[in-house]
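This report describes the fold of a single chain, from its overall composition to selected residues. The sequence and the model are shown first.

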Amino acid sequence: MDNLEKIAVLIDADNTQLSKLEDVIREVSKHGRIVVKRAYGNWKKETLKNWENELKRLAIKAEQQFDYVSGKNATDIALVIDAVNLLHKGLYDAFVIVASDSDYTPLAINLHESGVYVMGVGEQKTPESFKNSCDEFVFLENISGKVTESQNDNIAFEHKTKSKETKAIREESQNIDAIHNLLKIAADTYQDDEGYVNVSAAGAYIKRAKPDFDARTFGYTKLPDLIKDFPEKYKIKRYPGKGTVTIVAYKCIEKR
């Protein structure tokens with residue numbers, strides 16, 4: 001969804017890559033105006049020592065949360081409490097949760113049930129429950145980040161401590177057959193008299209059915225590029241829309 005007027009971005013610093021922080025803000029800004037930017041963590045931790053400069057530069061409010069019990073962190077609880085408090089103010093039309101933790105699933109469900117747009121941003125290893133509880137889920141791997149000198153130490157730590165994605169998770173996230181199936185369903189549902197469906201309508205349907213869909217996951221910039229790369233499956237046509245807009249539509253090629 002684009003043209004959102006008041007977006008709240010809540011970042012779990014214990015669960016996010018510092019090297020991607022600016023690109024996350026840019027990605028979310030494509031949807032509209034960010035009015036709340038908060039990052040949660042125990043800033044006394046050695047692992048978060050390089051966050052200060054980036055938070056200042058990007059004008060992100062740092063929310064301190066001490067670990068009350070050794071080996072446990074209360075960051076997720078602090079983020080959830082703030083999200084609920086912000087929701088009850090009734091000022092925001094979208095919430096962005098930047099984390100890869102399934103513990104945020106109940107929060108995303110609660111926000112979604114309240115009628116606001118919910119976007120998640122996390123790694124491909126993020127559990128299905130959290131991804132599917134959002135209206136849209138963006139993989140950090142699909143967002144290009146520029147590494148700065150001040151981030152080098154923290155990034156090195158991230159590479160050492162980051163859990164490796166299993167082969168099954170990677171294959172599942174890149175299963176393009178599921179996308180072809182959704183494109184077929186969209187065509188059957190929204191096609192015009194000639195059998196063509198607007199790619200924008202199909203893309204909106206796919207996002208509703210599979211919130212973590214992103215053409216970049218499969219190596220394409222946009223959905224039309226993906227469709228164009230399978231001429232044996234789809235026929236494409238372009239026609240003028242309003243003003244200078246060009247509408248792209250496709251139809252499925254029946255197998256004989």
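## Overall composition

Of the contacts in the chain (heavy atoms within 4.5 Å) between residues at least 6 apart in sequence, 63% join residues at least 24 apart. The model is predicted: local features need pLDDT of at least 70, side-chain atom pairs count only at pLDDT 80 or more, and totals for chains, interfaces and linings use all residues. Residues are numbered from 1 along each chain as its sequence is written, and side-chain values use heavy atoms, with hydrogens and water left out.

The secondary structure amounts to ten helices and nine strands; helices (H or I, at least four residues) and strands (E, at least two) are DSSP runs numbered from the N terminus. Of the 256 residues in the chain, 46% are buried, where buried means under 20% relative accessible area, exposed over 50% and partly exposed in between, with a 1.4 Å probe and protein chains only.

## The six-strand sheet

Strands of a sheet pair through backbone hydrogen bonds, either parallel or antiparallel. Six strands form an open sheet with parallel pairing, in the order S3-S2-S1-S4-S5-S6; two strands count as paired if DSSP finds at least two bridges between them. S3 and strand S6 (136-139) are the edge strands, each pairing on one side only. On average, neighbouring strands of this sheet are turned by 20 degrees against each other, direction ignored. Angles here are taken between axes, which are lines fitted to C-alpha atoms, for helices over the stretch in contact, and run from 0 to 180 degrees between N-to-C directions.

Within this sheet, strand S1 (residues 4-12) and strand S4 (residues 94-98) pair in the parallel sense over five bridges. Leu10 stands opposite Ile97 in S4. Helix H1 (residues 21-29) lies across S1, S2, S4, strand S5 (117-122) and S6, and runs at about 150 degrees to S2.

## The three-strand sheet

A further open sheet has three strands in the order S7-S9-S8, with antiparallel pairing. Strand S7 (197-198) and strand S8 (234-240) each have a single partner strand, so one side of each is left without a neighbour in the sheet. S8 pairs with strand S9 (residues 246-252) in the antiparallel sense over seven bridges, and Tyr234 stands opposite Cys252 in S9. Helix H8 (residues 176-190) lies across S7, S8 and S9, at about 105 degrees to S9.

## Packing of H3 and H4

Helix H3 (residues 75-89) and helix H4 (residues 105-113) pack at an angle of about 5 degrees, with their axes 11 Å apart. H3 is therefore roughly parallel to H4, a term for angles under 35 degrees. The contact is made by Leu79, Val80, Ala83, Val84 and Leu87 of H3, and by Leu107, Asn110 and Leu111 of H4. These residues divide into seven nonpolar, one polar and no charged; Ala, Val, Leu, Ile, Met, Phe, Trp, Tyr, Cys and Pro count as nonpolar, Asp, Glu, Lys and Arg as charged, and the others, Gly among them, as polar.

## Two loop residues

Asn42 lies in the loop between strand S2 (32-41) and helix H2 (51-57). Asn42 counts as buried, at 9% relative accessibility. Not counting residues up to four places away in sequence, Asn42 touches Leu48, Gln64, Gln65, Phe66, Asp67 and Thr75. Its side chain makes a polar contact with the side chain of Gln64 (3.0 Å); such a contact is a pair of N or O atoms within 3.5 Å, and within protein one must be able to donate a hydrogen and the other to accept it, while residues adjacent in sequence count only if both atoms are side-chain atoms.

Ala59 is in the loop between H2 and strand S3 (61-64). Ala59 counts as exposed, at 54% relative accessibility. Phi of Ala59 is near 55 degrees, a positive value in a residue other than glycine.

How values were computed
Angles under 35 degrees count as roughly parallel, over 145 as roughly antiparallel, 65 to 115 as roughly perpendicular and the rest as oblique.
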